[in-house]
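I opened my notebook for a look through this fold. Here are the entries, in the order I made them.

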Amino acid sequence: SGPYRGRDLINMPQNIINNHINCWLADHYGSRRGFALIWWYRMLYLFGRYRDHRQVDWNSVERLVFVCKGNICRSPYAETVAQTQGVVSISCGIDTVNGAPVNADAICAATEKGISMMEHKTKQMQSLVINKGDLLIAMELGQAEYLKQKLVKGSQCTLLGLWGSPICPYIHDPFGTRAAYFSNCFDYIGETVHEIAKKIRKSKRNR
């Protein structure tokens with residue numbers, strides 16, 4: 001299916017075929033590297049890895065703490081979406097500075113979905129006080145492993161993509177990618193945050 005028939009693809013020069021493949025990968029996975037990492041971590045999950053990150057006591061969750069690398073794309077978007085759902089949330093970055101603005105492409109992608117991140121300023125993970133009742137939510141496994149070292153009694157850690165459909169333990173950073181991937185990435189993050197918000201609301205109703 002699509003604009004090209006099989007015969008067209010066979011007769012198309014290899015460099016043009018590669019360009020089309022690269023564009024498709026960039027739009028859906030951010031890059032070739034993003035494609036490889038996303039499917040690698042999905043396969044590891046299918047073989048039983050990361051299941052411990054799904055063990056969350058929703059009844060004890062009082063605040064969501066979204067964490068990514070720079071706190072300029074993924075985590076501030078997740079934070080803002082959670083706030084629109086009435087869930088107390090904050091975001092921060094493992095490798096960032098305090099007080100920087102959100103990435104301009106992220107602001108554009110969020111605005112198209114009715115989400116404003118204009119007022120957000122970056123926050124260093126190291127400057128954040130972790131409280132009892134915090135659920136730290138990472139975008140990548142390496143970030144989650146780092147966060148586990150910061151937990152205090154009564155706080156928890158998980159991976160955002162473990163609550164999405166499809167399950168995706170690794171959410172590739174959209175920074176520097178094409179607008180299409182920014183949109184797809186934010187769609188996935190938004191849908192996953194909505195699922196987490198549902199679990200929190202359900203747990204509160206059952207208290």
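How many bridges join strand E3 to E4? I found four between E3 (residues 134-138) and E4, and the two run parallel. Strands here are DSSP runs of E with at least two residues, helices are runs of H or I with at least four, and both are numbered from the N terminus.

Housekeeping: I am reading a predicted model, where local features need pLDDT of at least 70, side-chain atom pairs count only at pLDDT 80 or more, and totals for chains, interfaces and linings use all residues. Residues are numbered from 1 along each chain as its sequence is written, and side-chain values use heavy atoms, with hydrogens and water left out.

Next I followed the whole sheet. Four strands form an open, parallel sheet in the order E2-E1-E3-E4, where pairing takes at least two DSSP bridges between two strands. The edges are E2 (89-93) and E4 (156-159), each pairing on one side only.

Then I checked the backbone. Most residues other than glycine have a negative phi, and most peptide bonds are trans. I therefore marked Tyr50, which has a positive phi near 70°, and Asn71, with a positive phi near 60°, as ones to look up. Tyr50 sits in the loop between helix H3 (32-46) and E1, and Asn71 in the loop between E1 and helix H4 (74-84). Are they buried or exposed? Tyr50 is buried at 6% relative accessible area, and Asn71 is buried at 0%; buried means under 20%, exposed over 50%, and partly exposed in between (1.4 Å probe, protein chains only).

My last entry is a cis peptide bond between Ser165 and Pro166, with omega about 5°. Pro166 lies in the loop between E4 and helix H7 (179-205).
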